[in-house]
Amino acid sequence: HVGKWLPTSPIHYKRSMLNRFPRLGFFEKTLKRLCDREILWFARFSTKSSPKKEVRNVGIMAHIDAGKTTTTERLLYYSGATKRLGTVDDGNTVTDYMKLERERGITIGSACVTYEWRGCHVNLIDTPGHVDFTIEVERSLRVLDGVVAVFDASVGVQAQSMSVWKQARRYEIPVIAFINKMDKQNANFSLAVDSLAKKLNIVPLVMQLSVVKDRSFKGVMDLVSEELYIWSGEERDGREFLCLKSGSIPNGLLDRVAFVNYRRKLVEQVASVSEELVKYVVENDIEDLATVPAIVLMKAIRECTLERTAVPVFCGSALRNIGIQPLMNAINIYLPAPHERRFNSVPDFAKDLLAFAFKVIHDPQRGLLVFLRVYAGRLKPQSTLYNATRGCHERINRLFVVFGEQLKEVNSMGEGDVVAAIGLKNTFTGDVLVLSSKIGAEIQKISIQPESVATGGGLAVTRGLTVPEPVFFCTIEPSSAYQQKELDRALQCISKEDPSLRVSTDSETGQTILSGMGELHLEVVMERIKSDYKVDAVLGKLHVAYREAPSMEGSASYSIEKVIGSKREEVTCAVTVKPTIGLHHKSCDIVIGEGVGLTPPSKEVMQSLVLGINSALSKGPCMAYPLTNVQVTVDDVALSDSAILPLLSGCVSECTSRALLRSECELYEPLMNIEILLPEEYLGTTLNDLTSKRRAQIIEISTQDQDHVISAYIPLSSVIGYSTTLRSITSGMCTISMEFSHYTKLSRALQENVIADIRGY
């Protein structure tokens, strides 16, 4: 499973091995003896391609600064896809190709690359780690079959690590973990693994042990294959390394007793979640679990990974080029091929072709570039497709394989592939493409079913994309009136690329409103408008996106009578709204009451009702914020024979608004889950600032080595500019991370202050 190692002769050993690894002289004699017996193997990747390749669609996800992009660079380099090692500091990585990414040293947009490794064609997506760009993680995970979760060995699980893990769990994606930065002085592999078990509630399977020589991280010991991998400090690019079988490892380099104990523990963990392994042990009467063959153990671990009952954990240092090749082998071995995931099952009526659009970008030379994941059939240039989401026909002009910002044109792409298409004019993120309108109609029927029904029926690939709600908003204006059209065009293009960015117009002032996921998100949008579209614009003051929710039940009825032409049309409806119990801001439920005259309502009537209710819920009666934690029940609907459906939408919208007025709506504010790592001497000052000035609710204070970790809920309005304040309090000796948690009700006094602040009086 570790690949095709190339055996070296004693002559090659004398001329090559000792020259390449001069610092391994402490067991030089042993190496010579091993070489003479042809037990030593020298690892070098062969770029020979296999005629028959498997496909892996894999993503890299992690908290910010955990080393995702650096790990991706090593995967590409060792596979032969690139000829040099790029670094984030130098701004020359393949996946961080945007100007803003290279200037800021962070990943802003997800980037697709491909590489070949030992019989597998891997489509890899590098995702951002910052919470403001969570939509990039969401849409990438929607089309991936496996994920490598990267963690910092000195910290373990962080706030955004938990957020992206929840996203991967929602899409039922198998995951392998990579504990990165093992070369750091405060790296703690055991602590990192423990945090996986406690914070993510998983069964971590320790697959490797770290090898340390002279207090320096040198390599890893594989518990499954019982092989030792050693990287020499002289070989700086990490392409070449030593691989020793357990029986051939010199004394002093490995604690054999500890190794056997760790392997036995690994087999016990796997046996606790794998019936097949237990059956093998019983049938073969194995007394010592540490002696289970590698091939049997590997198969059991793969089954556990695919079933998501356990997570294999590997370690290394991407920056120091250690442990990457074993990770590449693990991607091939333990993560699934497209056909092995139940989530990818396609309904029978769409077997000829089904593709999902998960990303859209505007290419300066080529125009609109749509990224597609093919779930069934084959895509070809100059073919006509049907957009089942938007109900229109589309034509693909050209197809490309994507490698960062580079595009390579191809003639066709099949099931399991990720491809970029040019020519699609009305296809955007979350759209489903099929062959014909007839198939599209079937897809539409599925889309209106409850998510649990569609997912349970193996039809999850036809579902759309979950887009998070914005938490910040501000006004944006051009510096001069003649640039208004250019600004509108820029915002239109950027909002098509980024579904989490909302652009609207204030009905009273006529100002353009930008709503996004955070300060950094809106800053990046502003910089893109200036640099990419050459529009000089100004952002207004940043505001928190509050929500409104009813505090009591409210009912209303409403009628509309109109004469259109010679016909008299009449619509009457009755609606009841009431609060629901829940923390999450998407808990707006629509219920059709038993007393409704149109039972069951037709599809067209149902769509009109939903449209009217959603229109009313988009602006609450208190401060025109969207509604949350509300249930709307349609008690009665009466239509005249000639009534048109838009009249129904208007009637139910007005009726719902009147019911909300009677329900005494209150303001809800967004809470962030914040995590601060800092030295003990700054703990008291930071806690005082959080609780007395920022209304934070302390969840837990824990220790991590010599530092302390503060976990708390804090209002979003209190974290604007907080990172700068915290760095001042702690003299820059802190690490802060946060993610959106939920909405909570404001007290009466705070609500009055917020309303006065927004109104200005």
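Is Tyr-546 buried or exposed? I looked up its relative accessibility and got 8%, so Tyr-546 counts as buried. (Buried means under 20% relative accessible area, exposed over 50%, and partly exposed in between, with a 1.4 Å probe and protein chains only.)

A note on the source. The model is predicted, so local features need pLDDT of at least 70, side-chain atom pairs count only at pLDDT 80 or more, and totals for chains, interfaces and linings use all residues. Residues are numbered from 1 along each chain as its sequence is written, and side-chain values use heavy atoms, with hydrogens and water left out.

**Entry: aromatic pairs**

I noted the rule before I looked. Rings of Phe, Tyr and Trp (its six-membered ring) pair if their centres lie within 6.5 Å; planes under 30 degrees apart count as stacked, over 60 as edge-to-face and the rest as tilted. I found ten aromatic pairs by this rule. One of them joins Tyr-229 and Trp-231, with 6.4 Å centre to centre and 50° between the planes, and is tilted. I checked burial for both partners. Tyr-229 has 1% relative accessibility and counts as buried. Trp-231 has 4% and counts as buried.

Next I looked at Tyr-546 and Tyr-625. Their ring centres are 5.7 Å apart and their planes stand at 65°, so this pair is edge-to-face. (Helices, H or I with at least four residues, and strands, E with at least two, are DSSP runs numbered from the N terminus.) Tyr-625 is buried, with a relative accessible area of 8%.

I also noted one aromatic cluster, formed by Tyr-229, Trp-231 and Phe-241.

**Entry: charges over rings**

A charge sits over a ring if NZ of Lys or CZ of Arg is within 6 Å of the ring centre and within 35 degrees of the ring normal. I noted two cases. The charged end of Arg-142 sits over the ring of Phe-356, 3.9 Å from its centre. The charged end of Arg-366 sits over the ring of Phe-400, 5.4 Å from its centre.

**Entry: single residues**

Asp-363 is in strand β14 (residues 353-363). I got 17% relative accessibility, so Asp-363 counts as buried. A polar atom of the Asp-363 side chain lies 3.0 Å from the backbone nitrogen of Gln-365.

How far apart are the C-alpha atoms of Ile-758 and His-543? They are separated by 8.6 Å, with the two residues 215 residues apart along the chain. Ile-758 lies in helix α20 (residues 748-759). Its relative accessible area is 30%, so Ile-758 is partly exposed.

I then looked up phi angles. Glu-226 is not a glycine, and its phi is positive, near 60°. Glu-226 lies in the loop between β10 (216-222) and β11 (227-230). Its relative accessible area is 24%, so Glu-226 is partly exposed. Glu-664 is not a glycine either, and has a positive phi of about 50°.

Note on methods: A polar contact is a pair of N or O atoms within 3.5 Å; within protein, one must be able to donate a hydrogen and the other to accept it, and residues adjacent in sequence count only if both atoms are side-chain atoms.
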